[in-house]
Amino acid sequence: MKIQKTKKYFYLIFSILIYSCAPNPSTDEINLNADKISWSQNIGPIIFKNCTPCHRPGESGPFNLLSYYDAVKKARLIKFVTQTNYMPPWPADASYTHFIGETVLTKTEKEQIKIWVENNCPRGDSLLEPKTPIYYIGSYFGKPDLVIRAQKSYSIKGNGTDAFLIMKFPYQIEKDTIIDFVEFVPNQRKLIHHVNGHLISYDNNRKFNYLSGESIHEDTKAQLLDVYSQMHIPYTDKLQPQFPTLTPNVVYYLPGYIPPSYPKEIGGYKFKKNGAFLLNNIHYGPSNTGLSDSSYINVFYRKSPIKRPVIEKQLGTFGISKIEPEFIIPPNQVKTFRTQTTLSQPISLLSVNPHMHLIGKTFWAFAIKQNGDTIPLIKINKWDFRWQYYYTYKHPVKLDKGTTIFVYGTFDNTNKNSNNPFSPPQTITQGNGVESMKTTEEMFQFIFTYVPYKEGDELINLER
Ligand code: HEC
């Protein structure tokens with residue numbers, strides 16, 4: 001008894017001593033026990049949660065981060081990219097609005113990585129090590145219900161110029177069904193700049209031969225109707241209508257893009273037994289070496305019927321609202337443009353996708369209600385062409401009838417902008433037609449998806 005008491009007393013004094021020796025912890029100072037930071041306890045879980053979804057085979061990250069050894073090999077770079085907030089990539093200002101899948105490391109996590117690297121990457125107790133996550137290779141999401149491959153691969157010419165193509169990805173399945181979302185998986189990730197595609201659906205009672213015909217068309221100046229006939233898109237029975245049903249923008253891809261999927265009462269597309277994805281615009285950036293591309297499309301089915309189909313609109317370039325002032329960016333200038341629209345119906349906003357090209361600098365969208373209240377939508381303080389997410393809100397954002405959406409984009413056409421494609425700077429515009437999608441032309445677009453508002457939408461959890 002007596003001994004025990006003395007022991008307790010001793011420990012008490014001892015801990016007071018230790019405590020008084022330690023620096024006075026202020027509230028915002030991070031109190032980290034450097035010796036205890038290890039892969040198994042701290043760093044492994046951070047990497048597996050925030051990095052491995054991309055840094056694994058088949059995904060966009062240029063090397064794997066699937067094990068302790070993978071991380072040790074890249075330790076100094078990992079410290080650098082996390083300290084500078086370059087990785088994980090999340091261009092949206094997380095102090096302005098939050099979205100699903102937000103990958104932003106906390107101050108503590110960044111500090112832990114730094115200390116761990118400086119301490120020569122201790123592994124810690126191997127029994128406590130986190131399990132390497134198991135992924136399906138070939139999709140960001142898991143095993144798709146259907147994979148549609150192109151009929152032939154595309155040979156990218158090594159002539160240093162952009163290429164714009166139209167590609168057909170036909171399919172045939174056993175019976176009509178419903179899809180949740182589709183995922184375009186680029187093969188030459190570094191070269192594919194964007195993809196926009198429609199879903200074509202054939203009436204089973206009509207005649208068609210879409211499985212034959214041209215599947216890749218390179219001349220984007222050709223008449224679309226001619227291209228479609230060469231691709232055997234029209235019905236062959238001479239009845240009206242001549243063309244099958246087309247659902248626009250079902251396939252979409254930009255660097256860093258991950259397709260949104262919504263809870264079961266929202267979204268979905270009819271998927272007929274006979275059909276094709278028609279990528280009416282697939283853009284390859286310039287390459288100096290000849291390469292072969294065999295990208296594919298993953299399709300994910302859904303079991304629930306379609307109740308509230310998602311509608312997509314775009315403001316700015318090619319969109320429903322005009323850009324002011326006129327979209328011309330003179331050399332050696334930093335210039336801000338605006339576009340806006342007023343809603344004629346109340347909507348539940350689901351996702352937003354800001355789009356600019358190389359000289360984009362900042363992007364900001366917000367809405368103002370008729371009573372003057374402001375609703376923040378998205379702010380990007382440092383635009384990066386490489387990360388053009390489709391940002392999905394955690395809950396639908398209700399925008400009343402009469403609310404105006406304002407979008408501001410600033411472009412830096414000076415030689416201080418290291419992404420400027422021209423040196424010395426030149427006048428940059430949006431070009432015309434498909435040419436405007438060239439990386440060296442600019443675009444200022446705000447794409448958003450919504451469903452007409454219904455009572456209680458604000459409470460729906462959009463997280464998958
Ligand atoms: C959304 C996908 C994605 C996520 C998430 C991601 N990365 Fe990356 N990472 C990439 C891509 C793509 C590149 C190559 C392109 C580039 O450098 O911009 C890259 C490049 C890097 C590089 C090399 C940079 C260089 O200059 O060579 C490092 C190091 C890195 N990532 C570490 C990380 C770490 C650490 C995390 C998590 C904390 C992470 N990444 C999360 C996609 C991702």
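Author: Take Arg-149. It lies over the face of Tyr-296, at 4.6 Å from the ring centre. The criterion for a charge over a ring is NZ of Lys or CZ of Arg within 6 Å of the ring centre and within 35 degrees of the ring normal. Lys-74 gives another case: its charged end sits over the ring of Phe-63, 4.6 Å from the centre.

Reader: What should I keep in mind about the numbers?

Author: This is a predicted model, so local features need pLDDT of at least 70 and side-chain atom pairs count only at pLDDT 80 or more, while totals for chains, interfaces and linings use all residues. Residues are numbered from 1 along each chain as its sequence is written, and side-chain values use heavy atoms, with hydrogens and water left out.

Reader: How do I read a ring pair, and how many aromatic pairs does the whole structure hold?

Author: Two quantities describe a pair: the distance of the centres and the angle of the planes. The search finds 40 aromatic pairs. Rings of Phe, Tyr and Trp (its six-membered ring) pair if their centres lie within 6.5 Å; planes under 30 degrees apart are stacked, over 60 edge-to-face, the rest tilted. Tyr-154 and Tyr-284 have ring centres 5.0 Å apart and planes at 40°, so this pair is tilted. Tyr-154 lies in strand β2 (residues 154-156) and Tyr-284 in strand β9 (residues 274-284), so the pair ties together parts 130 residues apart in sequence. Strands (E, at least two residues) and helices (H or I, at least four) are DSSP runs, numbered from the N terminus.

Reader: Are Tyr-154 and Tyr-284 buried or exposed?

Author: Both are buried. Buried means under 20% relative accessible area, exposed over 50%, partly exposed in between (1.4 Å probe, protein chains only). Ring pairs also link Phe-327, Phe-337, Phe-363, Phe-411, Phe-444, Phe-446, Phe-448 and Tyr-450 into a cluster.

Reader: Now the metal. Which residues coordinate the iron atom of the ligand?

Author: Ideal angles are 90 or 180 degrees for six octahedral donors. Here His-55 (NE2) and Met-87 (SD) coordinate the iron atom at 2.0 to 2.3 Å. Donors are N, O and S atoms within 2.8 Å of the metal (3.2 Å for Na, K and Ca); water is not among the atoms, so sites may look incomplete. The six donor atoms subtend angles of 84 to 179°, which makes the arrangement octahedral. That label needs opposite donors over 155 degrees apart and all others between 65 and 115. His-55 is in the loop between α2 (39-50) and α3 (68-73), and Met-87 in the loop between α4 (75-83) and α5 (107-118), 32 residues apart. Both His-55 and Met-87 are buried.

Reader: What about the backbone?

Author: Most residues other than glycine have a negative phi, and most peptide bonds are trans. Asn-85 has a positive phi near 60°. It is in the loop between α4 and α5 and is exposed, at 51% relative accessible area. Asn-249 has a positive phi of about 50°, sits in strand β7 (residues 245-253) and is partly exposed at 24%.

Reader: Where are the cis bonds?

Author: One joins Glu-324 and Pro-325, with omega about -10°. Pro-325 is in the loop between β12 (311-316) and β13 (328-329). Another runs from Ser-423 to Pro-424, with omega near -5°. Pro-424 lies in the loop between β19 (404-412) and β20 (428-429).

Note on methods
Four donors count as tetrahedral if all angles lie between 85 and 135 degrees; four count as square planar and six as octahedral if opposite donors are over 155 degrees apart and all others between 65 and 115; anything else is irregular.
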